[in-house]
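Hello,

Here is the structure I promised to pass on. Please open it beside this message as you read.

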Amino acid sequence: MPFLGKDWRSPGQSWVKTEDGWKKTTSDNNMDISAESYCDNNKENEYEESFNQDNLLLSLGYDMAAKKRKKDLMNNNSKVPYFHMEKWIYVHKGSTKERHGYCTLGEAFNRLDFCSAIKDTRRFNYIVRLLELIAKSKLPSLSGVAQKNYMNILERVVQKVLLDQQNVRPIKELLQTLYRSLCGLVQDMGKSVLVGNISTWVHRMDSITQWHQQLDNIQINRPTTEGLNLSDLPTSVQLNIMQRLSDGRDLVSLGQVTPDLGVLSEDRLLWKGLCQHHFTDRQIRKRLIVTEKGQLEWQKMYFKLIRCYPRLEEYCETLHFCTHCHILFWKDTKHPCTANNPEGCTSSLSPQDFIDLFNF
């Protein structure tokens with residue numbers, strides 16, 4: 001390769017570009033090169049340098065424009081939500097020869113298809129519970145993109161509830177939990193617990209307050225179709241429907257509809273079944289409440305137990321984790337090793353198990 005300066009292997013010699021190509025000259029025959037050729041060479045070099053410099057500045061301009069478009073897409077003023085539509089993801093907890101790095105909770109939250117899961121009635125309660133657990137303690141551990149994605153998904157959840165007029169109470173509780181967490185986190189903004197400007201999070205807190213007010217002002221429309229309603233059904237059928245409610249608060253709300261339903265909602269067997277469904281016999285024995293007649297107050301015991309112990313969580317569909325290929329997927333979604341998957345290596349994950357999966 002030719003040298004633009006003196007060749008260190010032969011002192012006193014240098015490479016010069018001529019019309020016939022590069023030639024090696026010494027200090028003795030430098031005078032053989034005409035001044036005109038020397039000037040032409042300098043002009044060509046100056047042109048090449050200016051051309052390369054222009055290309056460099058042009059490429060830098062393109063890079064800065066691309067970064068600016070990406071920043072505008074990801075900043076808080078962007079109206080384009082950041083959603084992934086992946087049905088399954090690979091959860092790797094360490095570096096291997098094939099993969100480098102590890103999967104975090106924020107990465108899993110970004111890549112999994114939670115947007116479509118919100119629209120599925122079977123997965124809705126699962127997503128709401130997961131959002132609540134993240135709001136309690138895991139929000140600072142998410143990346144900036146994941147935190148923004150969290151707020152976008154929450155907004156879609158609120159819009160779905162306002163449209164369907166269902167599941168109002170759990171979403172209100174979720175918004176209250178998130179607002180209390182943000183109140184404490186915003187005060188510690190100097191400790192870098194949240195990503196972004198404090199004004200951005202104050203604006204998000206205002207949005208949470210507005211969503212809560214919209215849920216408070218929601219008016220459930222009565223069905224316009226004429227036909228049988230719950231009060232017209234036989235008492236045995238009404239009790240059978242009440243026995244399928246897994247939340248005592250729903251049972252109390254149902255009893256406030258009509259006086260007849262109020263009497264049925266106080267049935268001791270209903271509340272006894274709720275207590276035995278959510279809590280163990282040992283937990284029930286520690287919180288016994290007996291009346292003057294020697295009967296157990298199952299309704300009072302239930303509300304006392306839920307203040308002391310967590311209730312049993314049941315979901316129609318959950319995320320599953322394959323220990324054979326380390327794939328996290330929805331139950332009805334096939335993942336790469338489905339055909340050769342050994343039996344018993346797939347486990348169902350509760351919302352808490354999903355978060356604990358990334359505690360490493």
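This is a predicted model: local features need pLDDT of at least 70, side-chain atom pairs count only at pLDDT 80 or more; totals for chains, interfaces and linings use all residues.

Residues are numbered from 1 along each chain as its sequence is written, and side-chain values use heavy atoms, with hydrogens and water left out.

Helices and strands are DSSP runs numbered from the N terminus (helices H or I, at least four residues; strands E, at least two). Axes are lines fitted to C-alpha atoms, for helices over the stretch in contact, with angles from 0 to 180 degrees between N-to-C directions.

Helix α4 (residues 121-138) meets helix α6 (residues 168-187) with axes that come within 8 Å and cross at roughly 15°. The two are therefore roughly parallel (an angle under 35 degrees). On the α4 side, the contact (heavy atoms within 4.5 Å) is made by F124, V128, L131, E132, A135 and K136. From α6 come P170, I171, L174, T177, L178 and S181.

The axes of α4 and α5 come within 12 Å and cross at roughly 135°.

At 28% relative accessibility, L162 counts as partly exposed (between 20% and 50% relative accessible area, 1.4 Å probe, protein chains only). Leaving aside neighbours within four places in sequence, L162 is in contact with Q214, L215 and I218. I218 is 56 residues from L162 in sequence, yet their C-alpha atoms are 7.2 Å apart.

Now the strands. L319 and F321 point one way from β4 (residues 319-322), H320 and C322 point the other way, and all are buried (under 20% relative accessible area). Two strands pair if DSSP finds at least two bridges between them. Strand β4 runs antiparallel to β5 (residues 327-330), with four bridges joining them, and F321 stands opposite L328 in β5. Four residues lie between the strands of this hairpin, where H326 takes a positive phi near 60°. Four bridges also join β4 to β6 (residues 346-349), again antiparallel, and S347 is the bridge partner of F321 there.

Best wishes

Technical notes
Angles under 35 degrees count as roughly parallel, over 145 as roughly antiparallel, 65 to 115 as roughly perpendicular and the rest as oblique.
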